[in-house]
Amino acid sequence: MNSFFNTASFSLVGKRPHNEDSIFPDNEHASPLKSLFIVCDGVGGSSKGEVASKMVCTEINDYFVANNIVSSDEEVIQSTIKYVTSQFDQYIDTHHEAHGMASTMTLLHLHEKGATVAHIGDSRVYLFRKGEIIFKTKDHSLVQELYDMGEITAEQMKIHPRKNHITRAIQGLNKRTLKADVSIMHDFQPGDIFFLCTDGVLESCSDDDLQEYFKDNSYIDDVLQIIEDKCNQNSKDNSSAYIVQLNKAYIETLN
């Protein structure tokens with residue numbers, strides 16, 4: 001906790017044999033950056049998903065530190081993704097068993113010009129104000145595309161046999177130019193809450209559930225415990241989340 005924002009997080013193995021999610025910062029990775037938060041969901045099976053998600057977290061941090069990034073925008077984020085992809089290529093060149101590894105990404109960077117939110121894949125970023133969702137990223141997924149085209153309903157999205165099929169991910173050996181969706185936000189109120197999470201959390205918590213939890217609990221540790229308990233009970237997948245609550249002191253620094 002600091003004067004600018006309060007944080008809480010978890011990353012659960014769930015009913016999987018190992019955890020392919022990664023969060024940043026965590027107990028293993030320290031950083032001089034105090035306002036960069038990342039949640040990733042690795043894919044690829046065996047240990048490849050775990051490697052991929054951890055690489056996304058650490059390489060993004062390394063890029064921000066090496067380039068002394070104080071504030072971020074669209075250009076900074078896309079340059080960061082390009083760098084991370086190049087690091088994937090280098091890793092795969094020397095670890096052929098890692099071919100096919102990939103990861104989703106959600107990122108929150110708080111700085112004096114606002115909050116930069118970026119995502120790739122079906123991990124999400126929400127912004128809650130007094131329990132209401134005022135911002136939510138749109139998944140890069142097959143079911144989201146089908147829904148946008150009017151081919152399936154919101155209820156059918158939840159039970160579609162390919163609901164876990166993502167259409168965008170960070171991966172190596174990819175000739176396409178990969179871009180993140182980026183939003184820059186400036187309009188905040190004290191107590192606003194950013195919530196970053198992987199799809200394992202969304203197995204157990206609907207948008208309505210999350211709004212109820214954040215509305216009825218003023219302490220983020222209490223909210224996190226409720227969500228963690230729900231995931232332990234109901235999620236088959238790994239589940240990871242970061243809560244970042246903005247304080248008045250941070251909002252007063254915004255230009």
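The legends below describe several close-up views of one predicted model.

Residues are numbered from 1 along each chain as its sequence is written, and side-chain values use heavy atoms, with hydrogens and water left out. Because the model is predicted, local features need pLDDT of at least 70 and side-chain atom pairs count only at pLDDT 80 or more, whereas totals for chains, interfaces and linings use all residues.

View 1. The protein chain holds 8 helices and 12 strands, where helices (H or I, at least four residues) and strands (E, at least two) are DSSP runs numbered from the N terminus. Taken along the principal axes, the C-alpha atoms fill a box of roughly 50 × 45 × 35 Å. The radius of gyration of the protein chain is 17 Å, which agrees with the value near 18 Å that a compact globule of 255 residues would have; this radius is taken over C-alpha atoms, and the globule rule is 2.2 Å times the number of residues to the power 0.38. Of the 255 residues, 51% are buried, and here buried means under 20% relative accessible area, exposed over 50%, and partly exposed in between (1.4 Å probe, protein chains only). Among contacts with a separation of 6 or more, 73% join residues 24 or more positions apart, a contact being heavy atoms within 4.5 Å.

**View 2. The largest nonpolar core, with I60 among its members.** A nonpolar core is a set of buried Ala, Val, Leu, Ile, Met, Phe, Trp, Tyr and Cys residues joined through side-chain atoms within 4.5 Å. The largest one has 28 residues, and I60, M105 and I170 touch the most other members. Two or more residues each come from β3 (36–43), α1 (48–66), α2 (74–94), β5 (105–111) and β6 (114–120), and the largest share, 7 residues, belongs to α1. When neighbours within four places in sequence are left aside, I60 is in contact with L36, I38, M55, T80, V84, M105 and L107. A second, separate core has 21 residues, including V39, L108, L110 and L246.

**View 3. Helix α7 and its buried face.** Helix α7 covers residues 220–234, and its 15 residues reach 21 Å from the first C-alpha to the last, close to the 21 Å expected at 1.5 Å a residue; the expected span is 1.5 Å times one less than the number of residues. I220, V223, L224, I227, E228 and C231 are the buried residues of α7. Seen down the helix axis, these buried residues fall within an arc of 130°, so they line one face of α7, the arc being that of the directions from the helix axis to the C-beta atoms. An α-helix has 3.6 residues a turn, so residues three or four places apart point the same way. The buried residues of α7 pack against β1 (5–12), β11 (193–197), α5 (199–204), α6 (207–216) and β12 (239–246), while the face turned away from the buried side carries the exposed residues D221 and Q233.

**View 4. Helix α6, seen with the elements it packs against.** In α6, the buried residues are L210, Q211, Y213 and F214. Down the axis of α6 they fall within an arc of 165°, so they line one face of the helix. These buried residues pack against β7 (124–129), β8 (132–136), β11, α7 and β12, and the face turned away from them carries the exposed residues D208, K215 and D216.

View 5. F188 has its place in the loop between β10 (181–185) and β11, and with a relative accessible area of 8% it is buried. Not counting residues up to four places away in sequence, F188 touches A115, L127, R129, F194, L246, Y250, I251 and L254. The C-alpha atoms of F188 and I251 are separated by 6.8 Å, although these residues are 63 residues apart along the chain. V13, found in the loop between β1 and β2 (21–24), counts as partly exposed at 35% relative accessibility.

View 6. The peptide bond from F24 to P25 is cis, with omega near 0°, and P25 is found in the loop between β2 and β3. N68 lies in the loop between α1 and α2 and has a positive phi of about 50° although it is not a glycine. K130, in the loop between β7 and β8, has a positive phi of about 50° although it is not a glycine. N68 is exposed, with a relative accessible area of 61%, and K130 counts as exposed at 70% relative accessibility.
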